[in-house]
Every structure is written in structure tokens, then in C-alpha cells.
Amino acid sequence: MRSLARRRPGLFERLGESRSACFGIDPVDLAFAFCVVPDGQRSGVRVVSKDEAARSDVQIKGPLLTLLGLLDGTLDGDAMFFSRVISISGRTEAVLALRNTIEDAELRPADLLGLHGTLARYVDKSVLGALGVARRLAHNSPSKAQQA
């Protein structure tokens, strides 16, 4: 995230006061969660317990593939929220600021990895293709509890 902040500082400035908030990202299909503080050059991502994520300023819960789809823009956050695939609690103004920033950023996997050129195009195509296949497999699996 700090590398992304160096390349695109406007993304983080757009978060305003919410940039220092701790966003607890809880993939319900994993045994751990993440605390993300999108504070530009002071940004950080930590792996935390589910309990610690629940004490964050903002809590976002959902299946991992869905959360990744929200990040890369292949899934609509409003649709996922209103269909109860994800849940959000805590500082809603921070969630709205983050959502608007991510939507405007049009982030691709290569952006998050700091890649450019041919390698970036290859990584984007590969990662997005793999996520699409994983979502289809999860959607068609017998367990609808892990829809993505």
C-alpha cells in the first residue's frame, strides 16, 4: 500500500479523515482477518485475529472471493451489501469514503503489486481470470454459504 501511495497519492488524500481508520477486513471463510490502515505513506496491513478485527473502526465481513471482487471492481459493493453477501458495521462514513476511492481508482492486481507494462497486463489477465474461475466454482459448489 505504501508503494501505491507513492505512485498515486491522490487516492489516499481522497479518504480525508478516514485514512487513519482501522478497517477490519474479515474473510468469513478464513481463520484470520486483516487490519488495514490506508494512511498514505504510513499505510499498513496486518494479519489479526477475528476478535481484533471486530474491534476495528470499521468491520467488513464476507467471503474472500467477494472481498477481492470488491477491491478489483468486478463486483458491486452495494449489491453485495443489500443481498447480505457482505456485512458492514462501524464508521459508515469511512466505508463510504473507501468505497468511493476504490471505485474511482479502478485498481487492477498489477497496481497493487506495483507492476507495469507487459508483465502488468499478464498478471492482471491471469489473476482476474483465476478469480473469475474461482467465483464460478464457488457459486456452483453444493455449499451456497460460501457464494462469491
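Predicted model: local features only at pLDDT ≥ 70, side-chain atom pairs only at ≥ 80, totals over all residues.
Residues are numbered from 1 along each chain as its sequence is written, and side-chain values use heavy atoms, with hydrogens and water left out.

**Disulfide surroundings**

- A disulfide is a covalent bond between the sulfur atoms of two cysteines.
- Cys-22 is buried at a relative accessible area of 14%, and Cys-35 is buried at 5%.
- Here buried means under 20% relative accessible area, exposed means over 50%, and partly exposed lies in between, using a 1.4 Å probe and protein chains only.
- Arg-55 and Cys-35 are 20 residues apart in sequence, and their C-alpha atoms are 9.9 Å apart in space.
- Arg-55 is located in the loop between α3 (50-54) and β4, and is exposed with a relative accessible area of 62%.

**Overall fold**

- The protein has eight helices and five strands, taken as DSSP runs numbered from the N terminus (helices are H or I, at least four residues; strands are E, at least two).
- From the N terminus on, the order of elements is α-α-β-β-β-α-β-α-α-β-α-α-α.
- Of the 148 residues in the protein, 36% are buried.
- Among contacts (heavy atoms within 4.5 Å) between residues at least 6 apart in sequence, 56% join residues at least 24 apart.

**Nonpolar cores**

- A nonpolar core is a set of buried Ala, Val, Leu, Ile, Met, Phe, Trp, Tyr and Cys residues joined through side-chain atoms within 4.5 Å.
- The largest such core has 15 residues, of which Phe-23, Ile-25, Val-58, Ile-60, Leu-67, Leu-70 and Ile-86 touch the most other members.
- At least two residues of this core come from each of β1 (23-27), β4 (58-62), α4 (64-72) and α6 (92-105).
- α6 gives the most to this core, four residues.
- Not counting residues up to four places away in sequence, Ile-60 touches Phe-23, Gly-24, Ile-25, Asp-26, Leu-67, Ser-87 and Ile-88.

**Helix α4**

- Leu-65, Thr-66, Leu-67, Gly-69, Leu-70 and Asp-72 of α4 are buried.
- Gly-73 follows α4 and has a positive phi, near 85 degrees.

**Largest pocket**

- A pocket is defined on a 1 Å grid over the protein atoms alone, as an open set of points where a 1.4 Å probe fits, with protein on both sides within 12 Å along at least five of seven lines; lining residues have an atom within 4 Å of a point.
- The largest pocket has a volume of about 1200 Å³, a volume being the space filled by probe spheres set on the points, which are joined across faces, edges and corners.
- Its lining has 39 residues, of which Ile-25, Leu-70, Leu-71, Leu-98 and Ile-102 lie nearest the centre of the pocket.
- α2 (9-13), β1, β2 (33-37), α4, α5 (77-82) and α6 each supply at least two lining residues.
- The largest share of the lining, nine residues, comes from α6.
- By class, the lining has 29 nonpolar, four polar and six charged residues; Ala, Val, Leu, Ile, Met, Phe, Trp, Tyr, Cys and Pro count as nonpolar, Asp, Glu, Lys and Arg as charged, and the others, Gly among them, as polar.

**Loop residues**

- Arg-84 lies in the loop between α5 and β5 (87-90), and is exposed with a relative accessible area of 76%.
- Although Arg-84 is not a glycine, its phi is positive, about 65 degrees.
- Val-85 also lies in the loop between α5 and β5, and is partly exposed at 23% relative accessibility.
- The C-alpha atoms of Val-85 and Gly-62 are separated by 6.1 Å, with the two residues 23 apart along the chain.
- Leu-30, in the loop between β1 and β2, is partly exposed with a relative accessible area of 26%.
- Leaving aside neighbours within four places in sequence, Leu-30 is in contact with Lys-50 and Leu-64.
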